[in-house]
Amino acid sequence: MNPNDVRKAKPRVLLVYYSHTQQAKRVCDAMAEVLGGRGCDVTQAGIEFTDPHYAKNLKVFPFRHAVFYLLGMLMPQLRRKTAQIRIPDAAKEGDYDLIVFGSPTWFFTTNMPLRSYLKSAEAHAVLAGKPFAAYVVCRRYWSINLKEVRKLGTAQGGKYVDGIRFTYEGGQIRSLLSLLSYFGKGEMRDRSLGIKIPPTNLKPDFGDQAEMFANKLADTLEPSAQIAQARSSPERVT
């Protein structure tokens, strides 16, 4: 079997994500390592938020005015608006055996950059007839985000297989203070407004969760890999 046949025999997995503070990317990297170790041909594709109106305040991190920026995104998010994005070539077309979407939750729903991709013609070219999964990184609310990704991906012809959440520490109020503090300062702090706050971002065990989820998805690809291997192997002459 030549190298090209070996490549075709490997299940092809596309990981599409949006990540500003790099939390969704950390999960993506962890999953890519596991899937690659399971014999998959893995491609990672990070969406860029380029809209001149909505993305202008995201150019610098930490944010100069975190609270005002977040409030400015409230209504567009609740109205499920789309915006200008830059889509990597790998996420514009391709014959993948599985697509995985990852992103943070913005105001209870799927964030604008990923929603914009999922409503695009490029997403349809990738998803039509293909299985897809999703993961969410979030403070607290995640179910609406996952449901929306499932709905949008299915509308583009994809077949939803599974989803998972990666949450931050703390209750609703303290985790919000922690997030705003991180957005405004760009670093972890013990207190905000005199209140003790938990660390923001992913919990330390996120890698174990990512490994478990990636292995679960890889298990669904094994029959396809075996069929592809059989098709690409020359018949034995007896």
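I began with Asp 208, which counts as exposed because its relative accessibility is 55%; exposed means over 50% relative accessible area, buried under 20%, and partly exposed in between (1.4 Å probe, protein chains only). This is a predicted model, where local features need pLDDT of at least 70, side-chain atom pairs count only at pLDDT 80 or more, and totals for chains, interfaces and linings use all residues. Residues are numbered from 1 along each chain as its sequence is written, and side-chain values use heavy atoms, with hydrogens and water left out.

Next I looked up the helix around Asp 208: the residue sits in α8, residues 206–232. I noted that helices (H or I, at least four residues) and strands (E, at least two) are DSSP runs, numbered from the N terminus. The chain has eight helices and 10 strands.

Then I turned to a nonpolar patch. Which residues form it on the surface? I found Met 75, Leu 78, Phe 108, Tyr 141 and Ile 144, with about 470 Å² of accessible area together (Shrake-Rupley method, 1.4 Å probe; for residues, only the protein chains shown count as cover).

Met 75 belongs to helix α3, residues 66–78, and is partly exposed at 48% relative accessible area.

Last, I checked the whole chain: 44% of its 238 residues count as buried. The chain exposes about 12,700 Å², with carbon and sulfur atoms supplying 51% of it.

Key:
Patches are made of residues with over 30% relative accessible area and no salt bridge: like charges are joined within 9 Å, nonpolar side chains (Val, Leu, Ile, Met, Phe, Trp, Tyr) within 5 Å. A salt bridge is a side-chain nitrogen of Lys or Arg within 4 Å of a carboxyl oxygen of Asp or Glu.
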